Amino acid sequence: MFRLIYLSTPKPEVGKPDIDQILASSRKNNRFNNITGLLIQDKKRFLQYLEGDQKAVEETFNRIASDPRHTAVFMVKSGFVVRRQFPKWTMASKNAERSNSLVAAVSEMTKACDKDVADELLSFAAARDRAA
Ligand SMILES: Cc1cc2nc3c(=O)[nH]c(=O)nc-3n(C[C@H](O)[C@H](O)[C@H](O)COP(=O)(O)O)c2cc1C
C-alpha cells in the first residue's frame, strides 16, 4: 500500500465553508480513485495522510499541491506500508483548532492504525506542535 504524508499552511481566509468543500470533493474523488486517508487541520497547518495505488495517490497529491487554498505544501514522507490504515475513510477529518494540538487529534484518530504508522504520524504532528 502506497502512502504519502504532507504538511501545508492554510491561507488565512480559509474557514469552515472551505474545509467542508474540500472534504466533499475529496470524498467524491477519493472514492472514485480508491484512496483513503486522514486530514487534520488547526489554524496553522494541514496534515494529510493519503493511501492507495501509487499513481492515484501521486496524481491526487499533485492536484492538491497546486490548490490555492493552502501554501508551503511540504511532503514529509512517501512510500509503501504493509496495509491500508484507514479502510473505512475516503477522508477522515478532524479540526484541532480548539486544542491547537495536532498530536491530540492524531492520537485520537490513529487508534486503529499499525503502531509504526501511528508513531510516524505522531512524530510529524509533534514537530509541528513544537514549532507552533
Ligand atoms: C488541504 C487540502 C486537502 C485536499 N484533499 C483532497 C483529497 O484528498 N482528494 C481530492 O481529490 N482532492 C483534495 N483536495 C482538493 C483538490 O485540491 C482539488 O480542489 C480537487 O481535487 C478538485 O476536484 P473537483 O473539481 O472534483 O472538486 C484537497 C485540497 C486541500 C486544500
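This passage describes the salt bridges of a predicted model and the surroundings of phenylalanine 80. Because the model is predicted, local features require a pLDDT of at least 70 and side-chain atom pairs count only at pLDDT 80 or more, whereas totals for chains, interfaces and linings use all residues. Residues are numbered from 1 along each chain as its sequence is written, and side-chain values use heavy atoms, with hydrogens and water left out.

The structure contains 10 salt bridges, a salt bridge being a side-chain nitrogen of Lys or Arg within 4 Å of a carboxyl oxygen of Asp or Glu. One of them pairs the side chains of aspartate 42 and arginine 128, with an N to O distance of 1.8 Å. Aspartate 42 is located in the loop between strand S2 (36-41) and strand S3 (46-52), and arginine 128 in helix H4 (residues 115-131), so the pair ties together parts that are 86 residues apart in sequence. Helices (H or I, at least four residues) and strands (E, at least two) are DSSP runs, numbered from the N terminus. Aspartate 42 and arginine 128 are both buried; buried denotes under 20% relative accessible area, exposed over 50%, and partly exposed the range in between (1.4 Å probe, protein chains only).

Two further salt bridges lie within helices. In helix H2 (residues 54-65), glutamate 59 and lysine 55 are four residues apart, about one turn of the helix, and the closest N and O atoms of this salt bridge are 3.1 Å apart. Glutamate 59 is partly exposed because its relative accessibility is 44%, while lysine 55 is exposed, with a relative accessible area of 56%. In helix H4, aspartate 119 and lysine 115 are likewise separated by four residues, about one turn of the helix; the closest N and O atoms of their salt bridge are 2.6 Å apart. Lysine 115 has a relative accessibility of 61% and therefore counts as exposed, and aspartate 119, at 35% relative accessibility, counts as partly exposed. Salt bridges with shared partners also join Arg3, Lys77 and Glu120 into one network.

Phenylalanine 80 belongs to strand S4 (residues 70-80). This residue counts as exposed because its relative accessibility is 58%. When neighbours within four places in sequence are set aside, phenylalanine 80 is in contact (heavy atoms within 4.5 Å) with Met1, Phe2, Arg3 and Gln54. Between phenylalanine 80 and alanine 118, the separation is 38 residues in sequence and 15 Å in space, C-alpha to C-alpha.
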